Amino acid sequence: MRALVVVPTYNEGANIEEVLRRTRAAVPEVEVLVVDDGSPDGTAARAEELAADLGGVHVLRRTEKTGLGAAYRAGFTWGLARGFDVLVEMDADLSHDPAALPSLLGALAGGADLVIGSRYVPGGSIPNWPWYRRALSRYGNVYANLALGLRVKDATAGYRAYRGDLLDLLDISHFRSTGYTFQIESTYRVRRAGGKVVEVPISFSDRVHGTSKMSSRIIVEALVLVTHWAVRDRLLTRWRSPDP
Ligand SMILES: Nc1nc2c(ncn2[C@@H]2O[C@H](COP(=O)(O)OP(=O)(O)OP(=O)(O)O)[C@@H](O)[C@H]2O)c(=O)[nH]1
Ligand SMILES: [Mg+2]
């Protein structure tokens with residue numbers, strides 16, 4: 001199976017070298033695509049220098065910062081057009097340890113359609129998060145699960161691997177979310193398509209260099225879209241055709 005690890009970046013100049021080196025070292029047979037949204041700190045140029053040095057690394061330069069979901073859509077479309085069988089999502093800030101890639105890819109090879117690197121299954125952890133980040137993540141997961149019936153412990157996790165043919169089937173160009181809601185939306189769409197979802201434990205480390213792009217706008221997008229899907233697909237459907 002040909003796998004492509006898609007790494008979205010915005011001002012990750014302090015992390016890009018280590019993440020690319022560690023990824024190439026962890027699984028030399030997978031390729032990497034850096035999707036950069038015109039980072040003013042020169043992340044894309046640094047990634048291109050590293051690509052020449054390391055091999056198996058590609059850089060997709062975009063001119064505008066249009067959000068994590070948009071960056072993944074562009075990266076997946078790039079990978080599918082080039083025939084990759086597996087598409088992986090991984091953050092550039094080393095919160096996601098490249099050494100866990102074999103575990104994600106192994107579960108996919110074992111028959112899953114979507115593998116989530118999960119913080120909330122036995123063996124998973126977030127050692128350094130303050131209580132408010134934990135609370136936000138926990139409540140976000142509880143709400144998304146209740147509203148959409150996801151049956152997933154970590155629906156907002158951003159370290160994942162998808163089968164390419166499933167992404168083709170889901171037609172990612174129709175995804176609605178621009179920000180981090182992309183994770184919940186893709187989980188929901190995989191579930192609705194009857195895909196098999198498997199969670200493998202990961203330890204999520206806090207970023208050491210650079211700044212977070214998490215914002216209240218992202219949280220609002222998640223709340224609005226999750227509620228919209230829940231009402232449209234679950235509540236209204238039940239109301240229009242009640243159980244006999
Ligand atoms: N291309 C692109 N990448 C983005 C954008 N927003 C975030 N990213 C990248 O997405 C990944 C996750 O973003 P983070 O800011 O680390 O978000 P987070 O992990 O939820 O927040 P922290 O825990 O504070 O690190 C990082 O690699 C970012 O550089 C965007 O608009 N465009
Ligand atoms: Mg991060």
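Where in the chain does Arg151 lie? Arg151 is found in the loop that runs between H5 and strand E6 (160-163), in a predicted model whose local features need pLDDT of at least 70, whose side-chain atom pairs count only at pLDDT 80 or more, and whose totals for chains, interfaces and linings use all residues. Residues are numbered from 1 along each chain as its sequence is written, chains are lettered from A and ligands numbered from 1 in the order in which they are written, and side-chain values use heavy atoms, with hydrogens and water left out. The protein chain holds eight helices and seven strands, where helices (H or I, at least four residues) and strands (E, at least two) are DSSP runs, numbered from the N terminus.

**Overall form**

- The radius of gyration of the protein chain is 18 Å, which agrees with the value near 18 Å that a compact globule of 244 residues would have; this radius is taken over C-alpha atoms, and the globule rule is 2.2 Å times the number of residues to the power 0.38.
- Taken along the principal axes, the box filled by the C-alpha atoms of the protein chain is roughly 65 × 40 × 35 Å.
- Of the 244 residues in the protein chain, 50% count as buried, where buried means under 20% relative accessible area, exposed means over 50%, and partly exposed is in between (1.4 Å probe, protein chains only).
- The accessible surface of the protein chain comes to about 11400 Å², and carbon and sulfur atoms hold 55% of that area; accessible areas come from the Shrake-Rupley method with a 1.4 Å probe, and for residues only the protein chains shown count as cover.
- Among contacts in the protein chain with a separation of 6 or more, 80% come from residues 24 or more positions apart, a contact being heavy atoms within 4.5 Å.

**Backbone points in two loops**

- Arg151 has a phi near 55°, a positive value in a residue other than glycine, and Arg151 is exposed, with a relative accessible area of 64%.
- Asp171, in the loop between helix H6 (164-170) and helix H7 (181-192), has a phi near 55°, again a positive value in a residue other than glycine, and counts as partly exposed at 31% relative accessibility.

**The loop between E1 and H1**

- Asn15 lies in the loop between strand E1 (3-9) and helix H1 (16-26), and counts as buried because its relative accessibility is 2%.
- A polar atom of the Asn15 side chain lies 3.2 Å from the backbone oxygen of His209.
- Leaving aside neighbours within four places in sequence, the contacts of Asn15 are with Ala92, Asp93, Leu94, Arg207 and His209.

**Salt bridges**

- Side chains of opposite charge can pair when their charged atoms come close.
- The whole structure contains 17 salt bridges, each being a side-chain nitrogen of Lys or Arg within 4 Å of a carboxyl oxygen of Asp or Glu.
- One of them joins Lys213 and Glu12 at 3.0 Å, N to O, and this pair links distant parts of the chain, with Lys213 in the loop between strand E7 (197-201) and H8 and Glu12 in the loop between E1 and H1, 201 residues apart.
- Glu12 counts as buried, at 5% relative accessibility.
- Arg22 and Asp97 form another salt bridge, with the closest N and O atoms 3.2 Å apart; the pair links distant parts of the chain, Arg22 being in helix H1 and Asp97 in the loop between strand E4 (86-89) and helix H4 (101-109), 75 residues apart.
- Arg22 counts as partly exposed at 31% relative accessibility, and Asp97 counts as partly exposed at 31%.
- Between Asp165 and Arg163 there is a salt bridge whose closest N and O atoms are 3.1 Å apart; Asp165 is partly exposed, with a relative accessible area of 46%, and Arg163 is partly exposed, with 27%.
- Glu17, Arg21, Arg46, Glu49 and Asp53 are joined into one network by salt bridges that share partners.

**A nonpolar surface patch**

- Leu136, Tyr143, Met214, Ile219, Val220, Leu223 and Val224 make a nonpolar surface patch of about 560 Å²; patches are made of residues with over 30% relative accessible area and no salt bridge, like charges being joined within 9 Å and nonpolar side chains (Val, Leu, Ile, Met, Phe, Trp, Tyr) within 5 Å.
- Helix H5 (131-148) and helix H8 (216-240) are the elements that give two or more residues to the nonpolar patch, and H8 gives the most, with four residues.
- Leu223 lies in helix H8 and is partly exposed, with a relative accessible area of 47%.

Terms used:
A polar contact is a pair of N or O atoms within 3.5 Å; within protein, one must be able to donate a hydrogen and the other to accept it, and residues adjacent in sequence count only if both atoms are side-chain atoms.
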